[in-house]
Amino acid sequence: MIYNEEFETLPREALEALQVKRLQQAVQRVYHTVGFYKRSFDNAGVKPDDIRSLDDLRRLPFTTKQDLRDNYPYGLFAVPMSSVVRVHASSGTTGRSTVVGYTRRDIDTWSELMARCFVMAGLTKNDIIHNAYGYGLFTGGLGAHYGAERLGASVIPISGGNTKRQIMILQDFGPTAICATPSYTLYLAEQGEEMGVDMRSLKLRVGVLGAEPWSEKMRGQIEDKLDITALDIYGLSEVMGPGVAMECLEAKQGLHIFEDHFIAEIIDPETGEVLPEGETGELVFTTVTKEAFPLIRYRTRDVSRLVKAPCRCGRTLVRMDRVTGRSDDMIIVRGVNVYPSQIEGVLLNIPGIEPHYMLIVDREGNLDTLEVQVEVGEKVFAETGEVKVLQELSRRITKDIKDYLGVSTKVKLVEPKTIQRFEGKAKRVIDKRTI
Amino acid sequence: MNKVEQISIFLENKPGGLEFVTRVLKDAGINIRALSLADTSDFGVLRLIVNDAEKAKQVLKDNGFTVGRTSVVAVLVPDRPGGLHSILEALSKENINVEYMYAFVERSGEHAIIIFRFNATDRAIEILTKSGFTVLPGEKVYSL
């Protein structure tokens, strides 16, 4: 099912023509209404009229999180406050929070895009949606709420927290879909089990989960514990909120970006160069229809890749890979960009390996070295206790990393529980190079 | 079957690693009957036969070690020239592969005991028994 058949299945050519037209309007608008953009375009020596094709987008300067902070709270708004009907803000754990605004039309667009996401997950107006995203300054709660209402589904605006009550409502109100972060969904499932509730027999059939990075392994756990299909939704408050991109039920293979409203690029986070389709790098978004808080080439720091190949679901919209990491974590080894999340991905595919690892970058002579320290799991060793099993494991890790990432590594197996455990943001890289 | 349970401990190559193992075993009152250390450039595996494998495994695990178990075979070998050769001859004829082995001398000094790890343990025991060699049962080895 497709909510907006016309815009979600436009032939690529027509879609790109629409993007160029909207981009040109957006660029004109920000240049003439937001002092920051006028200054930044002027500094880069580019005028709105220079933008004639999608390729010209790369001539525009990037906008960063720091730019948003520097213009706190309303400096980047492109409309007077009288036209702003709502603001949201990020939590600001690493500094000042960033504030975003919406006109009535922005809210309308956002509601439609969230409705598109729900339909992409197979939901209809007959569904009951348990919305456990936080309501408030965080965009998750209200974003999903408006989308669910737009679709005509019944919303349970439970918000976050109060887990026991949530489990009672999941049993009694019979929601068929849940919106939450993947980690909270898993937590709900486990708490329910502990309370003696058969969490697989609930009426839930779909999870629209996002707002944090998660893995295929975690998806498997959630689907198994709740007997649902778990789909990934992507968004960030700066760009709009949830509903920038969504995974479709049919393919479950990458998230469709709503390109009639957002233009996505993948860049090399070091050089800022736009990378060819299919390569992994940092996601950059330009909003082409937003009125209150338009963004030009916003660097998300999220690591992903884009695939334009047609999708089984019939949508022509480009797909982004599940976000697996942050470009801030990227390391360059002998000229190859390596994200810790990519190494983790390889390790998780090798049976018997624990997802606890550390990357040590060093330099011997003029050559970078990358050592991957991995804990030896109980399982792989307990069966035989043989040296050759460990040597094979070590060889396999080296080979798989070389095959997938193109970089040679030295694998060091270490004793269990010797690699530091992290609560929250893990630090996986030690760079010993002195350059 | 006359198999002997050997426990293996994964060790990183670093000072104090081995000492910690022996301390844990000492504190638990466990006696080591035979041992061998296999090393690679990156890590080592300590193989042990002890008087109480179950307990040893437990205390080692409790102290954070990765512990594996393997079935090995203990064979009594006459302590004289050609003793080991006669055993290997019998096995080689039947295409049995020795993955590794280590030896120690029995208290009386008349026999050596060789611990073997074969690619086909049951078949090896069968051949050795049939050829007249003494395959020691686990209990015997644990309490030597």
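1. Chain B splits into domain 1 (4-70) and domain 2 (72-142); such bounds come from an automatic or database domain assignment. This is a predicted model, in which local features need pLDDT of at least 70, side-chain atom pairs count only at pLDDT 80 or more, and totals for chains, interfaces and linings use all residues. Residues are numbered from 1 along each chain as its sequence is written, and chains are lettered from A, with ligands numbered from 1, in the order in which they are written.

2. The C-alpha centres of the two chain B domains are 23 Å apart. Nine residues of domain 1 of chain B contact ten residues of domain 2 of chain B. Contact means C-beta atoms, placed from the backbone, within 7 Å. On the domain 1 side, β1 (4-12) and β2 (32-39) of chain B each give two or more residues. Helices (H or I, at least four residues) and strands (E, at least two) are DSSP runs, numbered from the N terminus. That side has three nonpolar, four polar and two charged residues. Here Ala, Val, Leu, Ile, Met, Phe, Trp, Tyr, Cys and Pro count as nonpolar, Asp, Glu, Lys and Arg as charged, and the others, Gly among them, as polar.

3. Now the chain A domains. The assignment gives domain 1 (99-326) and domain 2 (331-431) of chain A. Their C-alpha centres lie 31 Å apart. Seven residues of domain 1 of chain A meet seven residues of domain 2 of chain A in contacts. The domain 1 side is made up of one nonpolar, three polar and three charged residues.

4. Next, the contact between chains. Here 14 residues of chain B are in contact with 17 residues of chain A. The chain B elements that supply two or more residues are β1, β3 (43-50) and β4 (67-78). By class, the chain B side holds five nonpolar, six polar and three charged residues.

5. The largest nonpolar core has 147 residues. A nonpolar core is a set of buried Ala, Val, Leu, Ile, Met, Phe, Trp, Tyr and Cys residues joined through C-beta atoms within 7 Å. A:Phe118, A:Val208, A:Ile257 and B:Ile9 touch the most other members. Helix α5 (residues 104-120) of chain A gives the largest share of this core, eight residues. Beyond four places in sequence, the contacts of A:Ile257 include A:Val244, A:Phe262, A:Leu317 and A:Met320.

6. Chain A has an open sheet of nine strands in the order β4-β3-β5-β6-β7-β8-β9-β14-β13, with mixed pairing. Two strands pair if DSSP finds at least two bridges between them. Its edge strands, β4 (154-156) and β13 (306-307) of chain A, each pair on one side only. Strands β3 (residues 128-131) and β5 (residues 177-180) of chain A pair in the parallel sense over three bridges. Within β5(A), A:Ala177 stands opposite A:Ile129.

7. A:Thr300 sits in strand β12 (residues 298-304) of chain A. A:Thr300 counts as buried because 22 C-beta neighbours lie inside 10 Å. The cut-offs: 20 or more other C-beta atoms within 10 Å is buried, 12 or fewer exposed, and in between partly exposed, with C-beta atoms placed from the backbone. Although 16 residues apart along the chain, A:Thr300 and A:Val284 have C-alpha atoms separated by 5.8 Å. Leaving out residues up to four places away in sequence, A:Thr300 touches A:Leu236, A:Glu282, A:Leu283, A:Val284 and A:Phe285.

Key:
Two residues are in contact if their C-beta atoms, placed from the backbone, lie within 7 Å.
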